[in-house]
Amino acid sequence: MSAVPYEAALVVAGILFVLGLAGLVARRNLLFVLVSLEIMINAAGLAFIAAGSRWAQPDGQVVFLFILAIAAAEVSVGLALLLQIKRHFKSLDSDAAGTMKG
Amino acid sequence: MSLLALVFYAAAAVAVVSTVLAISRSSPIHALLYLIVSLLAVAVMFFTLGAPLAAALEVIVYAGAIVVLFVFVVMMFDLQGERTKRSAWTSLRTWAGPGVLSAVLLAELLYVLAAGGSHALGPRPVPPGEVGLSLFSTYVLGVELAAMLLLAAVVAAFHLGSRKKASHHRLFEEPTP
Amino acid sequence: MATLLWLIPVLPLAGFAVLAILGRTMPRRLAAAIGAGSVGLSAALALILAVRFLGSPPPGDALTVNFWTWFEAGGLKPGLAFHLDALSLVFTLVVTFVGFFIHLYSTGFMAGDEGYSRFFAYMDLFVGSMLVLVLASNLLVLYLGWEGVGLCSYLLIGFWLKDPVNVRAAEKAFVVTRVGDTALAIGLFLIFSRLGTLDIQEVAAQAAAQWPVGSTLAIAAAALLLGGALGKSAQLPFQTWLPDAMAGPTPVSALIHAATMVTAGVYLIARMHAIFELAPPVRLAVAVIGAATLLVAGTSALAQVDIKRILAYSTISQIGYMFLALGAGAWSAAIFHFFTHAFFKALLFLGAGVIIIGLEEEHDIFKMGGLRKELPLVFWTFLAGAASLAAVPFVTAGFYSKEWILSAARASGPAGLWLWAAGLAGAFITVLYTFRMVFVVFGGPVANPVRRRPGAVMAVPLVVLGVFALLAGFLETPRVLGNLPFFSGLLRPILGGRGPEPAGPAQDAVLVIISVAVVVAGLVLAWLLYGRGPKHGQTTESGAGTSRARGFFFSGWGFDWAYDRLFVQPLAWLARINKNDVADLPFRGLAGAANGAHAALARTQTGRLRWYAASIAVGAAIVIAVAVLL
């Protein structure tokens, strides 16, 4: 395991995270917003795994498991809300759902 | 460079490229497929980092359940029709701002990492058994909480996704026509 | 005597209190009884007090009674104290006596007016305040009375408050006298800070001890006191309020703006004569102002057509004579002229009131005529008062008091000749305007028939005052005419003797002869101009229209116009441009800034998801940068 540098994994996690952030801010379609969120969560999980392996402890993977549970819960509720928005606003454009302003 | 490192870097490249592609597609299904590729690549990275259980769970739960749920929802409720003209999503104007933002954040992260020096990973991979033992001894409270969270999510998803009117409170009910 | 002393001002004040609280529900007769009766009782008590005082004078010819300590602060411990000596006794007698007759007259004059009890409440308050003023033992109690009479003047000028003209006249009176009151207050501050006391007798002693004659402090104190006196007594430059104050009911004009309140300035200067004697320049100023005022007011009276305005300018002029006497050092002469003036001026006003009511609110003398036949009683009493005002020789009170002033002015030092000449010219003008008024109102054919005739309550005061207007002069006659020094002897302990006197009986006689000649000349000229009644067809001397000279005198030498340009318009302009109140700017600015900040921040609530996400990301970037780089 010593061959793989620890910092490289963190850098990859960082790259994936900012890519997900860029996608979150740039895309209007709510579905893509959720997808970007998943990417960001996954990147965070990667960071945890790398940290756990750094110390050869199981804690990193335990946290990754919890992250997984959270992601699952978030996706299901998010998709249900997405469906409600689609029904109410007749579109998935996040700007169209911007009635709470001012 | 050893084989493991090579595999790691290759998987990293695949993950980054497919993520870029995932966020820039116009069709949701295409984006989801690229997402799956990205997740699989990340699973490979987990394995090379010495976390086999995590790799397996990434594939089974993340790519195999969560993204599949996405695909089901897109398919069932016909959200495919949300494709827009390619130019609107891929124009430079749309991506300039978020791009700069992301670059700034990445730069900060690299700066912090650069200051920290270089370390090597631990000597051995962490087997699933150890993870399981840790999970149910040290982190058993977290497990219970995660279970409750999932229950709440199930109830919420069921309620929010139903076709009936959202509120049935007697005070908010409209008179039946 | 002490009991009588405090009862005298308290009775009218109690009358005021009762009328203020219960007046509206009271029957008119009761209100009149309380209003006039309280002053009448006061008058009776004053007479008894006078008899006792003169019969067995207390030690030092003065009685001081301290009722309680008003307050104590920073070394100032004034008591609510009254000081009775001959000077305050004279004023008390005049105020209560004349006041009572005017109250009696008012019960008839104001009958039918809806503010009947309110009127008597205010009048009682006035009489009470005036008595407090003249009986005050220290300057603070005097100032209390001073302010009280100012308030009552305002309330009574604007008595018929439904008409904005009356209210404006009341405001004008109040504001103009306020300028003088402020000067007086500053003078009080000066006196207290330098001499450490406000008790009048002590101030006189301390001032004489500490301030040399002609010192700056004495001049400053005297000048400030003079400012207060000028305001209240309507002398130059503060005389503009008195003619307009004729908007009030005629008894008010008689009591407040003729007999008593406007003489408060004279009282003040006479009372504080110790300070004025220490400041010769200010004394000269008093005399000069008096002389100037009497000429300005006299010539203005010649051009007036409203009977009350003629009498108002006449009052200003006569008080100018009193100031002339004070400035010349003849303190007692001024008080004597006040004494006689109170009788004949009140009489003239009351007579004018009867005429005005009789002709149903007609004030223009050229619309009156031939009232000699219609109102004979009024004619004879009015004639008595007018004769006294014009100082008709030997038989009227006005002659003796004015003669005393003129001879004192002549003998008073380097400026004496000019002062005497001014006084003489003023006497000539006085005869002219007085008999112009008499001939036009009472002579010739009847222009307007009389609708209402006076009842007994209005006739009796006229008669009584008429008798006094003629006889009161015999209390003090010049050396060559009988030499009766009763009045000056009375006031000698306080004000010294007769004041400056001409060298010998010969010069005395010469002055008398000249005065007589002037009055006779004036009578002849008035008869020639007006005696044969207004010319046919000339129903009025239009006040401002005919010539610029007449317009100038009609407007009282243009003082109102000047003050309007100098003070009123700049102030109004300032008020206009400050309509949004500069001092409010910090507070409104604060509110405005908060609103602006709100508007700016509300723009961040766009309702757009991507905006919120972007702002979170930006915030994260900034926070990390701060944490990492700092």
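Contact here means heavy atoms within 4.5 Å. The model shown is predicted, so local features need pLDDT of at least 70 and side-chain atom pairs pLDDT 80 or more, while totals for chains, interfaces and linings use all residues. Residues are numbered from 1 along each chain as its sequence is written, chains are lettered from A in the order in which they are written, and side-chain values use heavy atoms, with hydrogens and water left out.

**View 1. Where chain C meets chain B.** Welcome to the interface: six residues of chain B are in contact with nine residues of chain C. About 570 Å² is buried between the two chains, 82% of it from carbon and sulfur atoms (buried area is the accessible area, 1.4 Å probe, that two parts lose on being put together, summed over both). On the chain C side, the touching residues are nine nonpolar, no polar and no charged (Ala, Val, Leu, Ile, Met, Phe, Trp, Tyr, Cys and Pro count as nonpolar, Asp, Glu, Lys and Arg as charged, the others, Gly among them, as polar). Between chain C and chain B there are zero salt bridges (a side-chain nitrogen of Lys or Arg within 4 Å of a carboxyl oxygen of Asp or Glu).

**View 2. Helix α11 of chain C.** Take a look at residues 264–271, a helix in which eight of eight residues are buried (under 20% relative accessible area, 1.4 Å probe, protein chains only; helices are DSSP runs of H or I, at least four residues, numbered from the N terminus). Among them are Tyr267(C) and Arg271(C).

**View 3. Gln239(C) in its loop.** Gln239(C) sits between α8 (216–232) and α9 (241–244) of chain C. This residue counts as buried because its relative accessibility is 6%. Beyond its neighbours within four places in sequence, Gln239(C) is in contact with Ala234(C), Ile316(C), Gly556(C) and Phe559(C).

Technical notes: Buried means under 20% relative accessible area, exposed over 50%, partly exposed in between (1.4 Å probe, protein chains only). Helices (H or I, at least four residues) and strands (E, at least two) are DSSP runs, numbered from the N terminus.
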